[in-house]
Amino acid sequence: MNMNPEINGKTELCGVIGDPIGHSVSPALHDAAFRALGLDYAYVPFHVRRSDLPAALQGMRALNIRGLNVTIPHKVAIIPLLDEIDPPARQIGAVNVVLNGSGRLIGYNTDAQGFLHVLSEHGIEPQGKNIVVLGAGGAARAICFALASQGASLTILNRTVTTAQACAEDISQTFRLPLKVLDLNRKNLAYALHQASLLVNATSVGMLPAAGVSPVDRDLLGTHLTVMDIVYNPYKSKLLREAAQAGAKTINGLEMLVWQGALAFEIWTGHQPPIDVMRKAAAAALKRHCAANGQIAAAATAASQ
Ligand code: ATR
């Protein structure tokens, strides 16, 4: 393995902005990739509150930070603050990667492509399938657009139905496909899941520290479903544990995190991402994080996969 140089006057800086940010495994994932390729880069998590987002982007320019990942709650709010938006990110209406090109801040979306990589690795072909997405925030938008681009039939359920309607209207401007929007409640979930083959939780429900909840009652899950949760902390969310108990196939959110990170790495460095290195580093970081939270059993599972 190559070693990257110590931090010096030429080191390029990348990072992630979000609130909360303490749980992020992105620093470990990117640091491992920089080291594996011997790149003179460093990666730092930045805790940026909603009201500080404009100042944080000014700081990115002033400090000549090369690239940022963007996470909760900034993926949608960041758009008007950037100089340029890559067309797919503009269409999706959410940005999860920023590149600083000589002072011009350019927004990208790698969540959508990352999500499609994960589906493809699991042999899932969305074309013509009934797919249920929970949530209508930044991550959900990327997932819904990715699925729409592949010709899926979509049902979007969200706690705030107007947000889901706005997402559906934006999708309809580009794609002609069967598209339903419903309130996120038990009756609607029962109806939507009955006909579905894939369920994606793109809400933050079930994420630490509130890990004891699931957005879907266990009796609504069954062998006809593949269940994917973008929540990766805890490694097995309550939704994924109950889905497995109900005989459904499960896909962990860490897979999408790794892929969106790998695509971001390529944008910032121009190098092919070392995906296996990033995967192992993310699982190991999550293991450390889980152990620190007393979740040793969950951590052992994460590290062994
Ligand atoms: P991200 O950028 O990761 O998508 P976000 O834009 O803040 O984050 O979106 C969070 C999603 O989780 C939203 O769909 C949100 O629902 P609302 O639109 O109603 O806010 C959903 N969410 C968060 N907490 C929730 C809760 N306790 N119950 C149901 N949905 C929740």
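Helices (H or I, at least four residues) and strands (E, at least two) are DSSP runs, numbered from the N terminus. The structure is a predicted model, in which local features need pLDDT of at least 70 and side-chain atom pairs count only at pLDDT 80 or more, while totals for chains, interfaces and linings use all residues. Residues are numbered from 1 along each chain as its sequence is written, and side-chain values use heavy atoms, with hydrogens and water left out.

Asn64, found in the loop between helix H2 (53-62) and E3, has a positive phi of about 55° although it is not a glycine. Ile72 and Pro73 are joined by a cis peptide bond with omega of about 0°, and Pro73 lies in the loop between strand E3 (67-70) and strand E4 (84-85). Another cis peptide bond, with omega of about 5°, joins Leu208 and Pro209; the loop that holds Pro209 runs between strand E10 (198-201) and strand E11 (226-229).

Ile72 is also among the closest of the 13 residues that surround the ligand, together with Ala139, Asn158, Arg159 and Thr160 (a residue is near a molecule if one of its heavy atoms lies within 4 Å of it). By class, this shell comprises 4 nonpolar, 7 polar and 2 charged residues, where Ala, Val, Leu, Ile, Met, Phe, Trp, Tyr, Cys and Pro count as nonpolar, Asp, Glu, Lys and Arg as charged, and the others, Gly among them, as polar. Oxygen atoms of the ligand lie 2.5 Å from a polar side-chain atom of Thr160, 2.9 Å from a polar side-chain atom of Arg159 and 2.8 Å from a polar backbone atom of Ala139. The protein buries 73% of the 650 Å² that the ligand exposes when taken alone (accessible areas come from the Shrake-Rupley method with a 1.4 Å probe).

A search of the whole structure finds 4 aromatic pairs, defined by rings of Phe, Tyr and Trp (its six-membered ring) whose centres lie within 6.5 Å, with planes under 30 degrees apart counted as stacked, over 60 as edge-to-face and the rest as tilted. One of them, formed by Tyr43 and Trp268, is tilted, at 6.1 Å centre to centre and 45° between the planes. This pair links distant parts of the chain, 225 residues apart, with Tyr43 in strand E2 (residues 41-47) and Trp268 in helix H9 (residues 253-269).

Terms used. A polar contact is a pair of N or O atoms within 3.5 Å; within protein, one must be able to donate a hydrogen and the other to accept it, and residues adjacent in sequence count only if both atoms are side-chain atoms.
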